[in-house]
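Hi everyone, thanks for coming. I'd like to walk you through one protein chain today, so please have a look at it with me.

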Amino acid sequence: MQVKQRILLVEDEEHLLEAIKLNLELEGYRVTTATDGKKALKIFKEERFNLIILDVMIPEIDGFQVAETIRLQNTVVPIMFLTAKNSSEDRVTGLKKGADDYLVKPFNLEELILRVGNLIRRVMKGDDLKELNSYVIGDKTIYFNSYELHHADGSITSLTKKETMLLKLLIERRNEAVSREQILETVWNYDVYPSTRTIDNFILTFRKYFEPDQKRPTYFHSIRGVGYKFMDQ
């Protein structure tokens, strides 16, 4: 049930784009592609990624400008330039624009895969690196692998796959606000975000499961205009 790490790959050479995409997907990543800078920025604004791989010489808006714009909105997501521009001045410019890595074409595929893994692991939190198998909320225990909620009296409630995934996401991000868009993307795999009423219904169910007083929730909080936060010490 591990969530796939997401990569935005921006490359205007179609055969190279497809080859890199295929190899990253074989490594278990979920890859979204764009062939020009304008599309890349549009996609970045609508979705959430764990890594951006960016060519420099692309149509509409060049890669340096794309990186600079992304950095104004997000200082965390790693950016790797993958480009034929190989002068020392180009490398310096790329790093100044906010890139975390710079790989020159032609490149070794194994080296690319290793660099991608290193960049993604660098920004993952400790809880992301270990598999969460169970979690205790009050007098109840969630077992993620068996999709079960065990109560103090010994009874067991079966959880759906989506309930389990949403619980795991909120618990892994405990004490942080998680946006509706992030939830839909991670749990429902939506690329374009529809009505989020579905999430609201899941949260109501969680409150029935876990909250001593559903009108004054202790664990599952609504964050107006954003999404939800699971609170626990």
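So, how many helices and strands are there in the protein chain? There are nine helices and 12 strands. By helices I mean DSSP runs of H or I with at least four residues, and by strands runs of E with at least two, numbered from the N terminus.

Some ground rules. This is a predicted model, where local features need pLDDT of at least 70 and side-chain atom pairs count only at pLDDT 80 or more, while totals for chains, interfaces and linings use all residues. Residues are numbered from 1 along each chain as its sequence is written, and side-chain values use heavy atoms, with hydrogens and water left out.

Now the overall picture. Taken along the principal axes, the C-alpha atoms fill a box of roughly 65 × 35 × 30 Å. The chain has 233 residues, and 45% of them count as buried. Buried means under 20% relative accessible area, exposed means over 50%, and partly exposed is in between, with a 1.4 Å probe and protein chains only. Then there are contacts, meaning heavy atoms within 4.5 Å. Take the contacts between residues at least 6 apart in sequence: 54% of those join residues at least 24 apart.

Let's zoom in on helix α1, residues 14–26.

Which residues of α1 are buried? They are Leu16, Leu17, Ile20, Lys21 and Leu24. Looking down the axis of α1, these buried residues fall within an arc of 130°, so they line one face of the helix. That arc is taken from the directions from the helix axis to the C-beta atoms. Their cover includes β1 (6–10), β2 (30–34), β3 (51–54), β4 (79–83) and α5. On the face turned away from the buried side, you'll find the exposed residues Glu14, His15 and Leu26. And just after α1, Gly28 takes a positive phi of about 100°.

Is Arg122 buried or exposed? Arg122 is exposed, with a relative accessible area of 58%. Arg122 and Pro78 are 44 residues apart in sequence, but 8.8 Å apart in space, C-alpha to C-alpha.

Next, helix α8, residues 180–188. Seven of its nine residues are buried, so α8 is largely enclosed by the rest of the structure. Among those buried residues are Arg180, Glu185 and Trp188. The buried residues of α8 pack against β1, β2, α7 (161–172), β10 (177–179), α9 (197–210) and β12 (227–230).

Last stop, two loops. Ile58 sits in the loop between β3 and α3 (63–73), and at 9% relative accessibility Ile58 counts as buried. Leaving out residues up to four places away in sequence, Ile58 touches Val10, Asp12, Asp36, Gly37, Gly63 and Val66. Pro217 is in the loop between α9 and β11 (220–223), and with a relative accessible area of 22% Pro217 is partly exposed. Setting aside neighbours within four places in sequence, Pro217 is in contact with Arg207 and Glu211.
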